[in-house]
Amino acid sequence: MDQLKAIKCFICVAEVGSFSRAADKLHMPVSSVSRQISALESSLKTELIIRSTRKIRLTEVGLLYLDSCQHVADKLASADELVANYQSEPCGTLRISAMTFFGERVLVPLIEELQDTYPKIIVDADFSDQVKDLTLSDVDIAFRGGPMPDKRLMAEKVMENELHVCASPGYLEQFGVPTSVDELEGHKVIYFRGPDGQMPWWIVDQPSEQILDLEAAAITNSFQLMLNNIIAGKGMCLLPMWAIRPYLLNKQLVKVDFDNPPRMIRDQSMGIYLLYLKNRFQLPKVRRSVEFFREKLKATSYS
């Protein structure tokens, strides 16, 4: 018995719900499909499919076996794709995952340029702030802000993600420009809402840390709403340079410098990381895209 062929027949019958339809799809006689599955059941010493004149259904162990077989089939398909496409032109669907605001503000023009450069790549971009586990999903490339990610992944730091205090010129004219943390008293803040709630501002005052008790002008997990509030002069905010740089250039915002600046995140090695699975890097669509984003983002000035 050719076990892989038998498993392929089993998966097809289970998916289409019929021996005859499976035979048509596999371009095989119905009798051959039936013999393959019978041989598979004999080798496993268990019944996988309950046959009747009207329909077929999987046994309980058949359902469990199907799930495992589908994982094997997916891995074989990926291996076939790797061999077939290794030396070919980058093509196929490239699944990209990124944080919403970073994706919309930074990646959109780069994705459009990538599509122009490699027209046979179809980009499937998912911008969401829900973290996906690349080891369990079908994402090819992901962009995440934070500390060094899971060591099971290939991770390259392509941009800094340091947070800066900023405000509108009108706000600073009305409330003054603070030059030290002590002078922040009386100022209003637009706070970011993280997964565990409002993220406070704090400072490191060696050897201790101090949470700053500042009045909230707004609390949100929307970068766009934060920017709208800051530009409207409702308060100050901590945001990364990639988010505020255009507004600094057109003078809608001003970066406020401190000797010991407030923080929102303790790990100061934060960055924007490009993540991918090592085994998928061999696919031309993934390899060329990783190289493309690496070059473009590292060449972009967001410091």
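Let me start with E160. At a relative accessible area of 47%, E160 is partly exposed. Its side chain meets that of K157 in a salt bridge, 3.3 Å from N to O. K157 is partly exposed too, with a relative accessible area of 33%. One caution before I go on: this is a predicted model.

How many salt bridges are there by this rule? The count comes to 6. I will take two others, and both involve helix 9.

Take E156 and R294. Their side chains meet in a salt bridge, 2.7 Å from N to O. This pair links distant parts of the chain. E156 sits in strand 6, residues 154-160, and R294 sits in helix 9. The two are 138 residues apart. Is E156 buried or exposed? E156 has 16% relative accessibility, so it counts as buried; the cut-off for buried is under 20%. R294 comes out at 26%, so R294 counts as partly exposed.

Next, K296 and E113. Again the side chains meet in a salt bridge, with 2.7 Å from N to O. K296 lies in helix 9 and E113 in helix 5, so the pair ties together parts that are 183 residues apart in sequence. K296 has 26% relative accessibility and counts as partly exposed. E113 has 32% and also counts as partly exposed.

Stay on helix 9 for one more residue. Helix 9 covers residues 284-298, and S289 is found there. S289 has 0% relative accessibility, so it counts as buried. What does S289 touch, leaving out residues up to four places away in sequence? The contacts are L94, L114, I121 and I141.

L114 brings us to helix 5, as L114 is one of the buried residues there. Keep the helix repeat in mind. An α-helix has 3.6 residues a turn, so residues three or four places apart point the same way.

Where is the kink? The kink lies at L107, shortly before the proline P109, and amounts to about 55°. What about the overall span of helix 5? Helix 5 has 18 residues, 100-117. At 1.5 Å a residue, helix 5 should span 26 Å. The end C-alpha atoms are 24 Å apart, which agrees.

Look at the pairing of strand 7 with strand 14. Strand 7 covers residues 163-167, and the two strands pair in the antiparallel sense over 3 bridges. A167 has V254 in strand 14 as its bridge partner.

To close, go back to helix 9. K296 takes it to E113 in helix 5, and R294 takes it to E156 in strand 6.

How values were computed: Residues are numbered from 1 along each chain as its sequence is written. This is a predicted model: local features need pLDDT of at least 70, side-chain atom pairs count only at pLDDT 80 or more; totals for chains, interfaces and linings use all residues. Side-chain values use heavy atoms; hydrogens and water are left out. Helices (H or I, at least four residues) and strands (E, at least two) are DSSP runs, numbered from the N terminus. The expected span of a helix is 1.5 Å times one less than its number of residues. The bend at a residue is the angle between axes fitted to the seven residues ending there and the seven starting there. Buried means under 20% relative accessible area, exposed over 50%, partly exposed in between (1.4 Å probe, protein chains only). Two strands pair if DSSP finds at least two bridges between them. Contact means heavy atoms within 4.5 Å. A salt bridge is a side-chain nitrogen of Lys or Arg within 4 Å of a carboxyl oxygen of Asp or Glu.
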